[in-house]
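Subject: Structure handover

Hello,

Here is the structure I promised to pass on. Please open it first, then read my notes below.

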Amino acid sequence: MKQGNADNVVLSLTVSSLRLPMAVLVVFIHTQFATVMIDGQMTINSGQFPVYCFVEQILCSMMLRMAVPFFFFVSGYFFFKSGILTLRSYIDKLKRRANTLLLPYMVWNMLYMLLYFATQKFLPSYASGRNMMLLNYGFADWIRAFWVYSDGMPICGPLWFLRDLMLVMLFAPLLYFMLKKLKAFTLVVLAVLYLYCPIETDPSIPFLAAFYFSFGAWFSLRGSDFAATFSRYRWSLAAVCFILAVVDIDRWLNGVDAYYEIRELLVFVEMMMVIGFVAHNISKKRSIPVAATMAGAAFFVFAFHSMPIALARKLWVTLLPINELSLIVGLFVLPLLISAIGVGMYWLVRRYCAKFSVLLTGGR
């Protein structure tokens, strides 16, 4: 579906409305109590709380994982918004993104180094115990902290998204050429690479980012309105989501390991479905959603939340009795609380430290 002026407004409002909610979904994903470690010891044993594990599985591994793919998708769409890519425009885009992506990436990782040092120095019992003390770092360790600190992520963990996005943008001319010449077959190739190459901990081959970035770019290069397209098929997408979710849950409950492809397909369809329903709602109401006015806080919440939510999880299981109810309540309360704190801090920093806010958010 080609774009008109009204469609452009709906698309823009759809993206703006989803930015902060998607950032909050990332906080939810990182609230999993099953991964909490204190002094190098897991606080919850596998299978100890089956009801909580089921809820966590449904929320964090199935329903909410569309958030980062969404950000890759819209980044690809807006990178190629003009429909063409010349050498000059490519260089200009990279220069702009050095301020909006690279600068915040460096600043947040340096801030997290200070926070990790303070935790290891003054609150050692709340450190995971898995990583080397920063005081013992050599030059190579400091460099790796900006790239792969732990589990394939930089020291500010959520910013693996920015790292992979910047890598993919460097190869934008290649993706542009492939999408122009091979068209949708490019997406098929990238989908196969994304699904079947062991890339989770190797940041040198970010196929997940490449696939969703290219999917967004594909809409731009065709001059198509993805919001209108997804809105048109929203109920069909919802039906497919339901079927995939039932299959995924059944396989997980029966201990079947080979459900990775189904889960990734579920994430893919969920993302399109959510965009479709939000776009439809905006097109009917013709008003600016409240979430759209708060889109600027999304990146701050995304980058800020990692250590606060880690500390909050550890305090939760330390200060409260560990049982099914407390864990399920914490799974909902903590991400909302940390996200609200993040939004509040964003507005305070933006109001009273405007220049520092630019460094933290890239001018968002």
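**Aromatic rings**

Ring pairs join a set of side chains into one cluster: Phe 73, Tyr 77, Phe 78, Tyr 194, Phe 211, Tyr 212, Phe 215, Trp 218, Phe 219, Phe 226, Phe 230 and Phe 268. Keep in mind that this is a predicted model.

Across the whole structure, the search gives 39 aromatic pairs. One of them is Tyr 346 with Trp 347. A pair of aromatic rings is described by the distance of the centres and the angle of the planes.

Trp 347 is partly exposed, because its 37% falls between 20% and 50%.

**Charges over rings**

Which rings have a charged end sitting over them? Trp 218, a member of the cluster, has the charged end of Arg 222 over its ring, 4.3 Å from the centre. Trp 147 has the charged end of Arg 163 over its ring, at 5.8 Å from the centre.

**Helix α3**

Helix α3 covers residues 67–79, which makes 13 residues. From first C-alpha to last, α3 reaches 19 Å. That is close to the 18 Å expected at 1.5 Å a residue.

How many of the 13 residues in α3 are buried? Twelve are, and the helix is mostly covered. Among them are Phe 70, Phe 71, Phe 72 and Phe 73. Tyr 77 is buried too. Phe 73 and Tyr 77 also belong to the ring cluster.

**The nonpolar core**

The largest nonpolar core has 119 residues. Trp 108, Phe 215 and Phe 226 have the most contacts inside it. Helix α1, residues 5–29, gives the most to this core, with 14 residues.

What does Trp 108 touch, leaving aside neighbours within four places in sequence? It is in contact with Cys 156, Leu 159, Phe 299, Phe 300, Ala 303, Phe 304 and Leu 360. Phe 215 and Phe 226, for their part, are in the ring cluster.

**Cysteines**

A disulfide is a covalent bond between the sulfur atoms of two cysteines. How many disulfides are there? The count is zero, with a cut-off of 2.5 Å between sulfur atoms. Cys 60 has a relative accessible area of 2%, so it is buried. Cys 241 is buried as well, at 7% relative accessibility.

Best wishes

Technical notes: Residues are numbered from 1 along each chain as its sequence is written. This is a predicted model: local features need pLDDT of at least 70, side-chain atom pairs count only at pLDDT 80 or more; totals for chains, interfaces and linings use all residues. Side-chain values use heavy atoms; hydrogens and water are left out. Buried means under 20% relative accessible area, exposed over 50%, partly exposed in between (1.4 Å probe, protein chains only). A nonpolar core is a set of buried Ala, Val, Leu, Ile, Met, Phe, Trp, Tyr and Cys residues joined through side-chain atoms within 4.5 Å. Helices (H or I, at least four residues) and strands (E, at least two) are DSSP runs, numbered from the N terminus. Contact means heavy atoms within 4.5 Å. Rings of Phe, Tyr and Trp (its six-membered ring) pair if their centres lie within 6.5 Å; planes under 30 degrees apart count as stacked, over 60 as edge-to-face and the rest as tilted. A charge sits over a ring if NZ of Lys or CZ of Arg is within 6 Å of the ring centre and within 35 degrees of the ring normal. The expected span of a helix is 1.5 Å times one less than its number of residues.
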